[in-house]
Amino acid sequence: MPFYLIPFVVFGLLILISSFFIVKQQSAAIIERFGRFQSIRQSGLQMKIPLVDRVAGRLSLKIQQLDVIIETKTLDDVFVRLKVSVQYKVIKDKVYDAFYKLDYPHDQITSYVFDVVRAEVPKMKLDDVFVKKDDIALAVKAELNDAMLDYGFDIIKTLVTDIDPDSQVKAAMNRINASEREKIAAQFEGDAARILIVEKAKAEAESKRLQGQGIADQRREIARGLEESVEVLNRVGINSQEASALIVVTQHYDTLQSLGEETNSNLILLPNAPQAGSNMLNDMVASFAASNQIGEAMKEARNSKKEK
């Protein structure tokens with residue numbers, strides 16, 4: 001090949017190579033011819049006329065996300081910062097509109113988000129903003145869909161991803177929450193204390209009942225034992241009065257014996273003279289006799305009244 005033909009061959013190869021281009025998956029390329037729209041090319045290996053056609057731009061057909069931060073005021077005069085995430089994509093059949101009708105789609109979407117949020121949030125109190133954040137997101141989505149559809153954009157979803165009130169307001173809300181929790185805790189503690197007192201009173205009442213029942217059973221058995229002792233003594237010729245006095249004296253000495261067995265006892269029984277037992281026996285027999293005489297006299301008096 002002659003030397004002078006080499007530049008022409010190289011130039012021809014460059015022209016041939018420049019006529020091919022690649023469009024990535026989930027994207028579209030806009031081809032212009034002498035500055036005028038020519039065609040839209042989809043993914044794959046594409047061809048254009050060298051020096052005549054050019055790739056004016058490329059658009060992604062994937063879902064994209066735009067985060068918009070808006071500061072506004074609520075109905076109860078609290079300034080709050082909201083973060084709204086807008087998920088959108090270019091409609092495949094409207095690539096021409098998306099490319100030629102809007103220069104800066106992000107700015108357009110941001111303006112609509114600002115407009116809707118600042119129209120909706122001032123109607124709500126701060127607590128309602130947290131509760132109804134989904135309503136705010138739906139309002140933004142509805143407004144954006146109506147506005148951006150003509151420009152070739154489809155709004156997939158809008159999310160209110162963050163609600164950030166002023167730091168002093170958050171501190172006050174935390175104090176209110178803490179106070180409410182302390183109030184509930186105090187109520188539970190009071191209920192627990194009341195239940196404890198009631199259960200303790202029930203336990204004490206049951207203990208007293210069982211103690212009284214035990215004392216009654218004890219006295220019943222003592223009375224039964226005394227009755228049997230009196231019957232045994234009556235069989236050997238000792239009357240009831242003397243038998244009762246003898247039993248009392250016997251219990252008296254049993255008590256003295258049990259006191260003597262206690263080494264650390266400080267109890268002093270008065271009177272405690274040696275003749276105290278016999279004196280007590282004589283006094284009891286005399287008192288029983290006197291009470292019998294008084295009982296007989298009262299009985300005779302009642303009978304005489306009845307006869308009259």
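Helices (H or I, at least four residues) and strands (E, at least two) are DSSP runs, numbered from the N terminus. The structure is a predicted model, in which local features need pLDDT of at least 70 and side-chain atom pairs count only at pLDDT 80 or more, while totals for chains, interfaces and linings use all residues. Residues are numbered from 1 along each chain as its sequence is written, and side-chain values use heavy atoms, with hydrogens and water left out.

**Two loop residues**

Asp77 sits in the loop between β6 (64–73) and β7 (79–90). Its phi is positive, about 60 degrees, although Asp77 is not a glycine. Leu51, in the loop between β4 and β5 (53–60), has a phi near 65 degrees, again a positive value in a residue other than glycine. Asp77 counts as exposed at 54%, and Leu51 is exposed at 72%.

**Salt bridges**

Side chains of opposite charge can pair when their charged atoms come close. Here a salt bridge is a side-chain nitrogen of Lys or Arg within 4 Å of a carboxyl oxygen of Asp or Glu. The count by this rule is eight salt bridges, including those in the table.

| Salt bridge | Closest N and O atoms |
|---|---|
| Glu32 and Arg54 | 3.0 Å |
| Lys101 and Asp97 | 3.7 Å |
| Lys202 and Glu199 | 4.0 Å |

Glu32 forms a salt bridge with Arg54. Glu32 lies in strand β2 (residues 27–33) and Arg54 in strand β5, so the pair ties together parts that are 22 residues apart in sequence. Glu32 is buried at 7% relative accessibility, whereas Arg54 is partly exposed at 46%.

In the pair of Lys101 and Asp97, Lys101 is partly exposed, with a relative accessible area of 47%, and Asp97 is buried at 17%.

Lys202 and Glu199 both belong to helix α6 (residues 167–235), where they are three residues apart, about one turn of the helix. Lys202 counts as exposed at 51% relative accessibility, and Glu199 as partly exposed at 44%.

**Aromatic rings**

Rings of Phe, Tyr and Trp (its six-membered ring) pair if their centres lie within 6.5 Å; planes under 30 degrees apart count as stacked, over 60 as edge-to-face and the rest as tilted. This rule gives five aromatic pairs. In one of them, the ring centres of Phe99 and Tyr100 are 4.9 Å apart and the planes stand at 85 degrees, so the pair is edge-to-face. Phe99 is partly exposed at 22%, and Tyr100 is partly exposed at 30%. Together with Phe37 and Tyr96, these residues form one aromatic cluster.

**A nonpolar surface patch**

Patches are made of residues with over 30% relative accessible area and no salt bridge; like charges are joined within 9 Å, and nonpolar side chains (Val, Leu, Ile, Met, Phe, Trp, Tyr) within 5 Å. Accessible areas come from the Shrake-Rupley method with a 1.4 Å probe, and for residues only the protein chains shown count as cover. A nonpolar patch of about 880 Å² includes Leu5, Phe20 and Met47. At least two of its residues come from each of α1 (6–18), β1 (20–23) and β4 (44–47), and α1 gives the largest share, four residues. Leu5 lies in the segment before α1 and is partly exposed at 31%.

Key:
Buried < 20%, exposed > 50% of the residue type's maximum accessible area, 1.4 Å probe, protein only.
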